[in-house]
Amino acid sequence: MGSFPKFGAFVLRAQEKSGRTCINGLPVASPSKQMLGRFPYLQSLRHDNLCVYLHFSETVIARDLVIVVMEHHTTTLGNALKSGDLKDESTKNSYYIEISSALEYLHRNAVTHGFLDISSVFVTRNKKSTVKLSGYGLPFLTNHGKDIASSLKFDVFLAPERILNEDESLLAATYQSDVWEMGFVLLQIYLGITLVPDVSETEYLEILNKSFSSPSTAKEYSIMDDITQLLAEKKRLPYHKKCDWLEEVIRSCLRIQCSERPLIPEVASSIRENTTETPTVESKTDNNDEYKIKTVDEMRAKVRENIAKDSDGFEKLSLENSFHLWKTCGSTPEIILLKKGTIQNHAPISSYPSIRYDDFNQVDPGVDSQSTFDYGVFELPQQRTLERIEKEQKVSAKMFHKIGIINNPDHHLNGNILYETASEMLTMDHLLNATAVFGVSSVIPHLSKNGVISTQRADVWCTLLDINETKWRDYLNLDILAPHSSDRQLEVDIPRCHQYDSFMTTPAIQESLRKVLKGWQIITEADNYVYWQGCDSLATPFLLANMSKPHIAYACFKEFTHRYCHKFYLKDNSEVIKEYLGIFYHLVAYVDPVLYKHLKNNGFDAELFAIPWFLTCFAHELPLAKLVRLWDETMLHGNAFPLMIALAMLNRLRDKLLAVSFNEMIIIIHDQPDLSIEDIIRNARGYESLIPPSCTFRTHASPWKENCSGEVFRLPNTMTGLSLGDLSQLHCPRLSSEELLWRIERQMIYVIDTRQESEYQAEHFTISFNHPNNNEADIEWLRFIPGIVKSELPKCFIYGKNDKTVTEKLAETYVMKGVPYVCVLHEPFESVKNRSPFVIKS
Amino acid sequence: MAARNAGGAARPGGPNRTCQFKLVLLGESAVGKSSLVLRFVKGQFHEYQESTIGAAFLTQTVCLDDATIKFEIWDTAGQERYHSLAPMYYRGAQAAIVVYDITNQESFQKAKNWVKELQRQASPNIVMALAGNKADVANKRTVEYEEANAYAEDNALLFMETSAKTSMNVNDIFMAIAKKLPIGPAQGEPTGTVDMNQPQQQQKGSCCK
């Protein structure tokens with residue numbers, strides 16, 4: 001077991017500031033919200049020698065407490081030094097390299113560590129790295145301490161300028177103070193001991209005092225030798241192999257004048273130059289090994305090898321996925337910390353003073369907040385996760401290879417949700433990686449069966465939308481700060497966009513959303529695209545999936561709207577929208593003529609309710625949790641899928657709508673509580689298979705074609721668009737002649753020929769029926785066509801070149817009589833007959 | 001719908017004709033159109049009221065001495081881009097509230113444009129009101145009461161400064177409109193529908209049944 005990662009949680013008390021308002025009159029975001037908004041950036045920092053931040057939440061029981069969860073390990077560098085097993089020179093060398101390179105990475109990303117000491121460095125047994133820095137970036141997270149009210153415990157060896165700044169804020173950490181504190185860590189590794197308790201805080205301060213007060217102190221004065229001298233005086237200086245270059249490095253880090261200390265890159269490169277051993281670098285590529293395998297046989301061999309070793313499958317899961325599994329076991333960090341007593345909740349009465357005298361004086365103000373907490377990092381228990389995973393079977397590599405490489409009967413996995421989830425995560429990872437070779441379509445059947453796990457959503461969406469560097473390169477070169485005509489609109493829209501989501505209330509995420517939308521506008525301006533209210537709702541899910549990467553959110557937003565909201569955001573979109581709504585109503589007539597008639601009779605036009613549906617692809621109508629599920633599904637389908645969703649949404653309200661008239665109808669349709677998204681998806685899929693694809697033809701449809709649907713979706717299509725007037729005169733969809741012929745060949749259609757009997761006798765399609773000549777709808781006649789009553793196949797009306805209008809009128813009459821699945825051919829019989837081998841001539 | 005008509009349930013035994021009137025709200029985005037309607041219809045206020053796409057529809061009933069008035073309220077999107085949809089909603093409307101934000105001079109200019117458009121395009125008998133919303137933040141005011149009031153008088157508009165947040169003058173402005181609406185003998189069918197395609201409709205004198 002063992003390699004299921006550990007998670008550590010710590011608590012911060014956010015500063016409470018209430019009652020302040022911004023210039024726009026809205027309340028200022030609370031400090032805890034501001035921290036929440038900054039957190040995704042910390043979370044996005046990835047380096048082999050940094051612990052990963054995983055989770056940030058406001059607590060429910062006390063609104064000022066926040067909980068941060070990060071990767072955790074058992075042994076700190078301090079423990080390792082105390083136990084005295086850190087003797088080996090090459091290990092020490094690799095520690096120097098790893099610590100300095102991790103810090104270099106942080107500084108390159110404009111983040112200071114602020115808490116670097118031997119207890120915030122973990123020693124791991126993982127072969128990928130030997131040390132990992134933890135607890136970094138809190139100055140960034142807390143806005144240099146301004147956003148928190150709780151004090152933080154610091155190591156003894158704080159940089160002198162931070163000690164002097166005590167009143168300002170202890171978090172006044174800088175790049176230079178990080179260098180100082182790293183100097184102490186390096187020194188302790190070098191000496192192989194911990195300085196505490198041999199060097200007490202008083203002695204440390206005395207040394208600093210002395211070097212400050214002495215007039216002879218040179219600018220470059222370093223306290224390193226003072227420390228070693230003190231140890232030597234106390235006879236506590238251990239034997240260590242003298243190393244001149246390292247002493248020089250440490251000495252430079254410990255210069256009293258912060259401006260004299262070197263920058264981290266300088267330290268890191270001099271460490272790299274001077275350490276000859278190449279420590280554990282070979283292991284860094286280890287993770288990619290599997291993707292170097294070239295043949296299936298090699299893959300099988302690799303899997304067999306893993307199974308033979310009985311290696312634990314968890315090392316293959318990413319930390320986010322592991323934490324997701326941990327949460328699946330039914331607990332939250334908050335509940336655990338409460339149960340363990342780390343957070344103590346007090347009764348309100350305990351904050352009352354115990355004695356009050358005169359009028360205002362009181363003794364013992366009691367506890368000043370309703371809840372208190374213990375300082376420090378607490379390891380979250382994982383017993384339950386592991387027990388539940390192991391309940392039925394020992395975890396082994398076998399669990400995680402269900403993808404057909406090994407014929408592994410996985411019935412024993414059924415019912416264990418953790419197995420299923422873990423296995424699903426790994427399978428998905430594999431498949432996503434494989435799309436580079438097998439194409440996006442290879443992943444669709446699996447997704448369509450199993451759905452998307454939230455931790456993998458960003459990757460899945462990027463794969464489905466085919467996002468790569470070319471799609472965001474232009475975004476990165478924009479001047480997002482330059483004034484733009486849409487600035488005011490964004491300014492008023494963004495603060496009220498999806499405000500029930502806590503991330504969306506944070507200034508940082510709102511700023512990112514502004515950048516995404518503004519960038520999109522600047523880029524698409526040339527194509528006459530503009531910001532429409534509602535674009536904000538639509539861009540939000542992409543941003544929440546990629547919080548620290550607005551450029552990816554931008555690329556996803558652009559691609560998604562290109563596919564499913566094509567031309568909707570043109571400055572003048574009325575043609576596009578009206579065509580879309582017209583086709584939508586034709587489809588309603590096709591699948592539910594009774595409802596269609598009711599809508600029409602009540603003047604209940606699609607313009608009145610469906611514009612926000614389509615314009616935002618339901619983002620303005622559904623809460624985010626439901627919306628992302630709907631989009632997971634949408635992205636697996638073609639550009640007409642939003643129409644199918646809309647049909648499903650309408651169908652859900654069908655009975656209610658049929659019972660009432662206009663006013664109630666419009667209220668019912670605007671108010672959709674307890675909507676089951678799974679039902680909507682199931683029905684939308686049903687409509688997609690029911691409706692002939694060419695019936696969804698739109699002139700303004702996206703040129704993008706989905707890459708995996710059936711043959712009928714890929715037929716050529718010679719249809720041309722109708723004028724909006726003609727569109728509204730028509731009361732059923734049109735079928736393309738290509739699809740007609742395809743369906744005739746497969747006998748998947750009822751062809752109803754409205755030409756004169758004599759013309760029909762002369763030549764007609766093999767499986768067609770000649771409609772009685774009076775051009776009046778005759779339900780009785782229709783019912784006698786074999787099998788038609790129960791069939792869900794299209795009934796396509798075809799006509800001679802002079803009978804188009806009459807036939808369309810006839811089709812309308814059938815629709816109004818409640819006959820479903822009615823459509824008309826888009827061109828007369830004469831234009832089609834020569835292209836078909838299925839014409840019988842007398 | 002009965003459940004929603006909290007604001008003005010019909011009084012028992014009152015004399016009663018029920019009249020339906022179509023009312024439309026127009027104005028720059030984020031001036032508080034949806035908030036006014038939400039306050040009037042449901043008595044609620046959301047600090048972060050989400051933007052309106054297209055339009056929203058709500059109804060509310062108020063009682064006058066001699067009639068019960070049912071408002072069919074179309075709350076339109078404020079963004080300029082949705083302007084082309086507006087005629088669909090104000091055509092055939094018997095009442096309109098043009099809203100501006102007293103802390104935003106531009107929104108007042110926009111309101112004047114709406115008034116002009118309604119005078120040109122809407123029914124000649126339409127009852128128009130001007131609402132200066134966000135009166136609760138009067139310390140940030142940029143549109144003076146006197147200025148707006150003078151403009152309203154010149155154009156024969158009802159005028160009030162309102163606050164959806166504190167509910168100041170919200171019911172009052174709707175009541176003031178209700179009192180100005182023609183409650184005559186029944187004529188024709190009440191229409192809740194909006195007119196999408198036809199050219200401008202003949203204004204119906206009143207809408208009672």
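The model is predicted: local features require pLDDT of at least 70 and side-chain atom pairs count only at pLDDT 80 or more, whereas totals for chains, interfaces and linings use all residues. Residues are numbered from 1 along each chain as its sequence is written, and chains are lettered from A, with ligands numbered from 1, in the order in which they are written.

Chain A contains 37 helices and 17 strands; these are DSSP runs numbered from the N terminus, with helices being H or I of at least four residues and strands being E of at least two. Of its 842 residues, 43% are buried, that is, have 20 or more other C-beta atoms, placed from the backbone, within 10 Å of their own. Chain A is divided into domain 1 (74–138 + 150–274), domain 2 (471–524 + 533–551), domain 3 (565–709) and domain 4 (723–842), with bounds from an automatic or database domain assignment. The C-alpha centres of domain 1 and domain 4 of chain A are 84 Å apart.

In an unreviewed entry, UniProt lists residues 451–638 of chain A as "domain: Rab-GAP TBC"; such annotations may be inferred rather than shown by experiment. Over residues 451–638 of chain A, the chain is 57% helix and 0% strand.

The contact between the chains takes 29 residues from chain A and 25 residues from chain B, where two residues are in contact if their C-beta atoms, placed from the backbone, lie within 7 Å. On the side of chain B that touches chain A, strand 2 (residues 55–63) of chain B gives the most, with three residues.

Technical notes
A residue is buried if 20 or more other C-beta atoms lie within 10 Å of its own, exposed if 12 or fewer, and partly exposed in between; C-beta atoms are placed from the backbone.
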